[in-house]
Amino acid sequence: MKKCCYLILLFSLTCFSQAPDEAKDKADILKVLSVQQDAWNDYDIDTFMETYWKSEELTFYGSAGVVKGWQSTKDRYKKSYPSKDHFGHLELTSNEVSKVYEDAYMVMGEYNLTRTVGDMHGIFMLVLKRIDGEWKIIADTSCEVK
């Protein structure tokens, strides 16, 4: 009986010790999205792109197809949003942040882009992974909803 109590206690401690780590991970991931939003609104594509994994394995899925690689993703943004008027004002809403596996989360949400060249509203799903102690977007699927 004593062994059973110890096992239950150990199991309980293990379960409860994971919750604060996961809450911190989620808060840190939301900070990444905040950095993205602020950089976008400052028309700062370089800081915006620092939230992405600087790798040829980065994958962006959009309405124009699949783009592989960090530089190609940056080039795609520059082509799709060539001026400050095209950048406009971005608001990101995170609807769900879910742990996928150790050091990887999925974020599903919405974006609203208010701009003089026409507003946009859409949805996104990001996969973020902790790489060298920092949360980086390793996959991005974004599409406009009309």
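**View 1. Aromatic pairs in the predicted model.** Twelve aromatic pairs are counted here; rings of Phe, Tyr and Trp (its six-membered ring) pair if their centres lie within 6.5 Å, with planes under 30 degrees apart called stacked, over 60 edge-to-face and the rest tilted. This is a predicted model, where local features need pLDDT of at least 70, side-chain atom pairs count only at pLDDT 80 or more, and totals for chains, interfaces and linings use all residues. Residues are numbered from 1 along each chain as its sequence is written, and side-chain values use heavy atoms, leaving out hydrogens and water.

**View 2. Phe60 and Tyr77.** The ring centres of Phe60 and Tyr77 are 5.7 Å apart and the planes stand at 70°, so this pair is edge-to-face. Phe60 belongs to strand 1 (residues 59-62) and Tyr77 to helix 3 (residues 70-80), 17 residues apart. Helices (H or I, at least four residues) and strands (E, at least two) are DSSP runs, numbered from the N terminus. Phe60 is buried, at 2% relative accessible area. Tyr77 is buried too, at 6%. Buried means under 20% relative accessible area, exposed over 50%, partly exposed in between (1.4 Å probe, protein chains only).

**View 3. Tyr105 and Trp135.** Here the centres lie 5.4 Å apart with planes at 80°, so Tyr105 and Trp135 are edge-to-face. Tyr105 is in strand 4 and Trp135 in strand 6 (residues 134-144), so the pair ties together parts 30 residues apart in sequence. Tyr105 is buried at 0% relative accessibility, and Trp135 is buried at 7%.

**View 4. An aromatic cluster.** One cluster is formed by Trp40, Tyr43, Phe48, Tyr52, Phe60, Tyr77, Tyr81 and Phe87.
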